[in-house]
Amino acid sequence: MEARDATAGALVSSDGEEQTAKEDAAPKKDTPQTKGKFEKILGFRREDLTSWHSLVTLLNRPTDPASLGIFRCLFGLLMVIDITQERGLSHLDYKYLDGAPVCRFPLFNFLKPLPLDWMYLVYVVMFLGALGIMLGCFLRLSGLMFISSYWYIFFLDKTAWNNHSYLYGLIGFQLTLMDGNRYWSIDGLRRPSIRNAHVPLWNYTILRIQIFIVYFIAGIKKLDADWVEGYSMSYLAHHWLFDPFKVILPVELINLLVVHGGGLILDLSAGYLLFFDATRPYGIFFVSYFHCMNSQLFSIGMFSYTMLATSPLFCYPDWPRRFFARFPAFLSAVLPITSTDSQPSTSCVYNEIQSPSTERQETPTITKPSKMRLKHKLAAMFTILYIMEQFFLPYSHFITQGYNNWTNGLYGYSWDMMVHSRSHQHVKITYKDGKTGEIGYLNPGVFTQSRRWKDHGDMLKQYGTCLNEFLPRYNISDPEIYFDIWVSINERFQQRIFDPRVDVVKVDWSPFRPNAWLMPLLVDLSPWRTKFQEIEGSLDNQTDIVFIADFPGLHLENFVSEDLGNTSVHVLQGKVNVEVVEEKKNYTLTTGEQIKVPAGAYHKVYTVSEGPSCYMYIYVNTTEAALQENFTKLFELQERVRNGTETQPLPPELQPLMAADDDGSEVNATDPIVQLFLKRQRRMKEVKKRREAGALERLERFAVKKYYTIRRGFLMTAIAMRNLAVGLPPLEQLTREVAFANMKEPQAEGNQDDPLKDEVGHGEL
């Protein structure tokens with residue numbers, strides 16, 4: 001797209017009139033009235049905002065349908081793909097298995113999943129709706145099918161809430177109300193009267209402002225101190241995508257300037273760069289590069305590609321006509337229309353005799369003025385109210401105060417993407433029998449497949465209530481449930497997020513009141529993060545460290561594994577009392593003091609100071625250190641054997657080291673250390689091979705993986721539809737059918753996707 005001064009096609013413009021004036025420098029006899037600077041920049045006149053009538057006329061101004069039609073098609077296609085992946089069609093039976101005792105986290109507690117086969121039917125409705133949107137077939141009905149099933153599934157599981165899933169639902173809702181089937185659609189073939197017909201300007205206005213909000217509000221949220229100081233996503237700087245920057249910058253500056261600084265500037269400026277003609281090419285380049293990186297950095301499904309598909313919405317609406325006009329003529333039967341002769345539409349307001357398309361037409365189509373109708377006023381009202389609501393919602397957390405658990409409320413509509421990173425060090429669930437007083441412990445995550453309940457008070461309440469319902473089945477009467485959850489947000493101290501003394505079953509929770517049993521975030525201790533980096537930098541590679549902060553009157557009960565030798569507690573601030581349970585001894589420590597705690601035993605750390613205490617655990621995984629030392633010796637021995645410098649014959653248990661070079665051969669080793677060493681080497685070779693694979697091999701591997709994912713989703717759906725139609729088959733037949741659906745591609749190299757801590761290079765995040 002050529003850079004221009006005029007921006008008539010940016011946010012609210014309808015056509016490319018400014019382009020024609022610049023393409024032909026020669027004067028014309030019928031030159032249109034000269035446009036003012038305001039209209040050149042914004043695409044409309046000041047007078048268009050001076051009255052309700054003029055504003056309605058502006059928002060219903062006839063606009064080329066081409067760009068909207070292409071976006072509709074791309075969005076529908078991406079949603080078709082998304083349904084089998086992030087929406088979960090390929091593993092739906094694991095999530096909604098009938099009869100399984102599972103704790104769920106709907107937005108509204110009355111929402112329940114349907115029986116499994118009926119859930120597949122819901123997904124079929126959603127899939128057909130997305131397919132209809134893509135093809136522009138019965139667009140209103142397809143959009144309604146898509147959004148009704150989509151929002152039901154979205155509300156059914158808060159653990160899957162995120163900003164981009166929320167965005168998909170919004171765009172689906174918008175397209176349901178728009179005239180996106182006027183260009184390159186089956187509806188246009190069925191109804192010639194709407195084929196290539198104008199669409200009202202508000203169709204583009206809502207979509208463009210929605211995308212502007214996604215970028216701009218995300219940038220505003222990144223003005224948070226943790227992001228600006230480089231603590232939110234510091235681990236990203238180690239990813240291989242940032243290797244080119246490492247040639248000129250250290251990792252610390254890449255984290256601060258590129259990851260955090262670059263992300264902040266891009267989000268704040270992306271909407272404006274896309275808005276103006278002169279900056280739009282740069283905007284499209286930067287946001288495209290940004291989203292391509294995100295597709296590799298995060299597992300976010302179709303979000304990156306959906307945002308890429310939105311960028312052309314900021315171009316002149318007739319760009320598809322000029323683009324497809326460059327294709328060979330014999331493809332015109334299957335390609336979109338390239339003619340600029342658009343039909344008038346009752347959805348638009350024609351104020352005067354005008355050319356409904358662009359000034360490029362040699363013979364303009366004369367359109368008579370049209371009368372403003374009620375639907376035009378309603379469309380304008382909807383546009384204004386919707387935009388106001390979208391600007392308001394990200395800052396509505398003073399209403400939904402019960403969701404504000406160290407984050408900005410309901411994360412799923414706030415656009416505060418990646419502002420907070422969390423790590424969990426310790427999670428303990430304690431139950432107490434209400435009749436016998438017996439105390440026991442539950443495995444964290446029992447009866448649920450999600451891990452997000454640990455960070456949200458509303459989900460914790462739902463989880464505790466669910467456990468209260470399930471535990472009586474296991475002879476635990478009137479159970480009380482207590483959670484002790486330690487979280488570090490943005491590299492702060494590990495601290496409790498909820499009061500461990502509160503019985504979650506009996507405690508109250510409301511979305512409109514602050515969570516009374518939420519422990520405050522110790523923001524006063526944030527400056528310690530600089531000291532953390534200094535301490536961590538002074539340790540060797542075999543020593544690990546955990547920073548802890550606790551409240552007065554509470555204590556941490558901890559068990560030191562036998563693998564962790566030389567574990568010690570160092571007090572950084574405050575006063576603590578360390579109780580070694582087996583020894584029945586207590587040690588009081590103040591700032592600067594330390595104590596070694598025994599391995600293979602419990603100890604308790606009580607905070608006895610008036611304010612919060614801060615301390616750190618320093619430990620060495622002696623088992624892992626010894627294993628790494630053995631690996632180093634085996635590697636050196638193997639290298640000496642390969643280059644012929646090893647003069648001593650190898651003992652029988654080390655003979656497999658000589659056969660390890662034979663690719664594809666399974667080596668039988670009797671020594672467990674040698675077994676682990678050879679397994680590690682094979683996995684490192686596999687990782688290196690995948691990293692060094694060519695583009696075609698990567699594409700093939702990606703396609704095969706997606707094929708089997710989509711294949712399973714469709715086969716399981718077919719089984720469910722057959723069950724609904726004719727009933728369940730014999731168990732043996734059903735078992736064979738599910739086994740066939742579960743078939744995966746041959747994996748001669750084993751579990752290639754398993755993470756390898758010490759693989760070649762560094763791990764992919």
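Trp-486 is placed opposite Arg-496 of strand E6. This is a predicted model, in which local features require pLDDT of at least 70 and side-chain atom pairs count only at pLDDT 80 or more, whereas totals for chains, interfaces and linings use all residues. Residues are numbered from 1 along each chain as its sequence is written, and side-chain values use heavy atoms, with hydrogens and water left out.

Strand E5 (residues 480–489) is joined to E6 by two bridges, and the two run antiparallel; strands pair if DSSP finds at least two bridges between them. An open sheet of four strands has the order E4-E3-E5-E6, with antiparallel pairing. Its edges are strand E4 (439–442) and strand E6 (495–496), each of which pairs on one side only. Helix H17 (residues 457–470) lies across strand E3 (422–432), E4 and E5, and runs at about 150 degrees to E5. Such angles run from 0 to 180 degrees between N-to-C directions, the axes being lines fitted to C-alpha atoms, for helices over the stretch in contact. Helices (H or I, at least four residues) and strands (E, at least two) are DSSP runs numbered from the N terminus. The protein has 23 helices and 14 strands.

His-291 is located in helix H13 (residues 280–297). It counts as buried because its relative accessibility is 2%; buried means under 20% relative accessible area, exposed over 50%, and partly exposed in between (1.4 Å probe, protein chains only). Leaving aside residues up to four places away in sequence, His-291 touches Tyr-215, Ser-304, Met-307 and Leu-308, contact meaning heavy atoms within 4.5 Å.

Ser-370 is found in the loop between helix H15 (319–324) and helix H16 (374–392). With 28% relative accessibility, Ser-370 counts as partly exposed. Its contacts, not counting residues up to four places away in sequence, are Cys-348, Val-349 and Tyr-350. Tyr-350 is 20 residues from Ser-370 along the chain, and their C-alpha atoms are separated by 5.1 Å.

The unreviewed UniProt entry annotates residues 120–153, 165–181, 201–220 and 297–316 as "transmembrane region"; such annotations may be inferred rather than shown by experiment. In the model, residues 120–153 are 91% helix and 0% strand, with end C-alpha atoms 11 Å apart. Residues 165–181 are 76% helix and 0% strand, and the end C-alpha atoms lie 24 Å apart.

Of the 765 residues of the protein, 49% count as buried. Among contacts with a separation of 6 or more, 72% are between residues 24 or more positions apart.
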